[in-house]
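Visitor: Please walk me through reading a structure like this one. Start with the surface, then go inside.

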Amino acid sequence: MVLGKLGSAIRPYLSEILNFINDDKQEFLVRGYVAIALNNIGITIPPQLKPLVSAVRAVEQSTFEPGCSTVTLENPDGAATIRFGQLVYILKAPEHRIFQPQCVAVAASKLGQLTLAQVVGVLSPVYEEEQLADEWRFYAYFFSGGDNEVKRLLRWVGKPKQLPDQLNHDEGVKALEVFQKVWEPSKDLPEVRNDLANKTATIAKMVNWQPQDLPLLKQHYDNLKNSHPANADSVQAAINSLETWKWLSTFRTVILAHIAFWLALIFAYPRSPQIQALFFWNPWVRNILGVGYVSFLLTWIPFLRRKLFQPFQPSLLADAGLTHFTPDLYFPNSNVQIGDGIEPIASALPHLKGQIILEGDSGLGKTMFVRHLLKQSKRIAVYLPAPTCTEGVIEAIQKKLHGDEIKDAKFLQSLIYSGAIDIYIDGLNEVSADTRAKITQFVANHFRGNILITTQPLEWDAPGTAKTYKLQPLQLDQIEAYLRSRHPAKTAKRQGTDYTQACQTFLQTLTAPDAFAPEERKAVNSILSNPMELTLAAWLLADNQQPNLLNLRQQQYDLMASDYQRMWNHDFPLLPFSEAIYQLRLSDQQALPADKFFNELQCMEDEKYRMVISRQWQDAKGEAQKEWVFRHDKIAEFFIVQTFLGNSDEAKNRLQSHIGDSRFRGVYFLLATLLPIDAAQQLREDLINYAADTKDHTVSDTFVQLMRSRKTIPVSQQTNQEN
């Protein structure tokens with residue numbers, strides 16, 4: 001018998017077998033033979049089953065042995081398919097029904113354990129004799145020896161009483177693998193094959209398939225597409241969904257790999273000029289290899305934008321001279337006028353946001369305030385002296401990004417438009433009308449950006465998107481606080497309390513009611529309210545000098561020139577140096593000609609005079625570069641004005657040719673006090689006429705006021721100024 005041949009292999013299923021034997025609804029002969037088989041392999045059966053065993057043996061001996069012998073398999077060495085066909089014949093033949101349990105047992109004992117393919121034949125009668133379905137399902141299970149694949153098959157086909165309502169992935173795969181094994185053996189059993197097709201479609205809908213399942217699903221689709229097209233559609237739907245997911249998964253993998261590649265580049269970017277130029281600032285490579293989205297992410301993600309500008313930060317801020325900026329020396333108590341109101345600049349403009357025009361007279365601290373914002377800002381920023389924008393703002397920034405390598409101006413423009421970089425343009429009044437127009441147009445086109453422009457008062461069409469802040473002169477209490485806040489250099493003659501006392505005495509003298517005539521008082525107050533002039537006065541006081549408020553710049557120059565003469569044993573070349581500075585202003589350049597005036601610049605840079613400052617940086621090739629610029633525009637104007645003085649035709653021509661040029665605005669203010677009286681009066685008339693014709697009073701009005709104050713200056717002092 002089959003159970004006898006299985007031996008100990010049936011022990012995992014013993015409880016199920018005993019339940020079957022105890023079930024009175026089952027055929028008692030079958031139950032009896034099962035009990036006998038258990039007893040034969042050494043498994044003790046319960047005492048209550050012994051009468052059943054005795055009854056079966058009595059029936060076997062007295063009634064069925066002859067009949068059974070007529071269907072016993074006589075060809076044990078024949079093909080397995082023949083043996084199996086004989087068994088099915090025994091099971092199905094009506095004339096053998098009475099002998100069935102005994103005959104099946106005898107036949108099975110000669111046939112051995114049925115394979116999965118053979119079990120399909122045992123299930124075939126289920127669809128023909130529905131009332132005996134459970135019996136046939138038992139035969140299938142019984143003759144297979146409780147094989148797991150048979151159990152999985154019986155869970156779905158052969159009219160199970162209830163189908164699974166849930167199915168995990170692993171069980172779904174195993175079920176379809178079993179179906180695939182029995183598909184071909186079921187070709188002559190249409191009912192079984194139809195059931196397999198239906199259940200294949202059902203399982204295809206229930207499981208969340210994975211890419212590795214595609215071959216199995218395609219095998220079932222090939223099985224079904226011709227004979228069962230409706231069921232094949234369900235399998236095809238699963239295949240389509242899986243292939244779509246697989247494509248998306250592949251696409252995701254590619255995208256992740258692509259992103260990882262660009263992230264690696266962005267982290268290597270600051271240290272590699274080749275990566276900078278080839279991958280990020282080359283529009284063809286960035287847009288093609290970046291598949292479009294790289295440019296978008298670089299433009300709009302702050303972290304990536306910072307990485308993009310990180311290698312160029314020293315160059316972007318080189319002109320700001322932040323290495324020479326001492327936050328402790330910044331005076332934060334200045335006021336600005338916004339509309340009709342006055343506010344402290346520190347609260348009105350704590351950081352740059354939007355478009356701001358900071359307007360104020362020369363020396364009020366516009367550039368110092370810009371440096372203060374840059375020093376405390378955490379954002380990417382660029383500082384541009386207005387004269388560097390002669391070709392345009394984009395072009396000026398591009399040059400600071402190592403312009404020979406960074407050629408993608410459109411990408412730079414999109415970064416600026418997105419607000420990736422704050423832009424500070426200093427000294428709009430120092431450039432020509434054409435350059436000013438380019439800057440104005442740039443601001444109007446980039447209305448989303450953070451842009452700050454500093455300028456002295458001038459007649460121009462400011463961008464409508466910008467808000468104007470007017471920097472106010474210092475008041476008396478601010479003047480005293482400002483002087484006290486200046487810290488003398490270590491080499492200064494006056495320090496600590498001595499310096500503080502000198503400042504108090506100086507202010508007391510200047511603010512005495514009878515110290516100056518009314519018009520002269522206006523001029524003195526104007527000078528005192530100017531932080532630039534106060535800085536120079538503080539330096540002179542620390543050096544034990546008495547500041548001459550009406551001639552501070554000349555006083556500073558005389559001290560420097562005297563020191564220069566002692567060092568080099570010849571006079572400072574004032575006129576050649578001044579002519580060179582004039583030519584620089586005409587070409588909107590700031591870097592001073594170190595090749596011609598190296599010794600002069602070295603002396604002017606001395607801590608005692610601080611007329612120029614040096615800037616150092618590395619170019620794109622890594623080579624050290626150095627240049628000198630004036631510490632303030634007022635110092636440059638002092639030298640430029642020297643080329644306007646005198647009786648030469650060239651000097652007289654310059655007086656007239658630059659009246660409408662905002663770059664020389666401060667020069668004309670100096671001329672109001674430096675020209676001989678007659679020449680100054682003639683120039684005043686020329687400026688008034690120009691203002692009447694052009695409605696531009698930015699120079700003429702202040703010039704007239706300075707001329708009024710000049711009338712109160714003693715003749716001896718005027719003579720000294722003219723000399």
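Guide: The accessible surface of the protein chain is about 34900 Å², by the Shrake-Rupley method with a 1.4 Å probe. Carbon and sulfur atoms hold 52% of that surface. This is a predicted model: local features need pLDDT of at least 70, side-chain atom pairs count only at pLDDT 80 or more, and totals for chains, interfaces and linings use all residues. Residues are numbered from 1 along each chain as its sequence is written, and side-chain values use heavy atoms, without hydrogens and water.

Visitor: Which residues touch the most other members of the largest nonpolar core?

Guide: In soluble globular proteins, nonpolar side chains tend to be buried together. A nonpolar core is a set of buried Ala, Val, Leu, Ile, Met, Phe, Trp, Tyr and Cys residues joined through side-chain atoms within 4.5 Å. Buried means under 20% relative accessible area (1.4 Å probe, protein chains only). Here the largest core has 71 residues, and F572, M604, F630, F639 and L671 touch the most other members. A second, separate core of 55 residues includes F20, V30, L154 and V178.

Visitor: At what angle do the axes of helix 16 and helix 17 cross?

Guide: Two packed helices are described by the angle between their axes and the distance between the axes. Helices are DSSP runs (H or I, at least four residues), numbered from the N terminus. Axes are lines fitted to C-alpha atoms over the stretch in contact, with angles from 0 to 180 degrees between N-to-C directions. Helix 16 (residues 293-300) and helix 17 (residues 302-309) cross at roughly 90°, their axes coming within 5 Å. That makes helix 16 roughly perpendicular to helix 17 (65 to 115 degrees).

Visitor: Which residues meet there?

Guide: L297, L298, T299 and W300 in helix 16 meet P302, L304, R305 and L308 in helix 17.

Note on methods
Buried < 20%, exposed > 50% of the residue type's maximum accessible area, 1.4 Å probe, protein only. Helix = DSSP H or I, 4+ residues; strand = E, 2+ residues; numbered from the N terminus. Parallel < 35°, antiparallel > 145°, perpendicular 65-115°, else oblique. Contact = heavy atoms within 4.5 Å.
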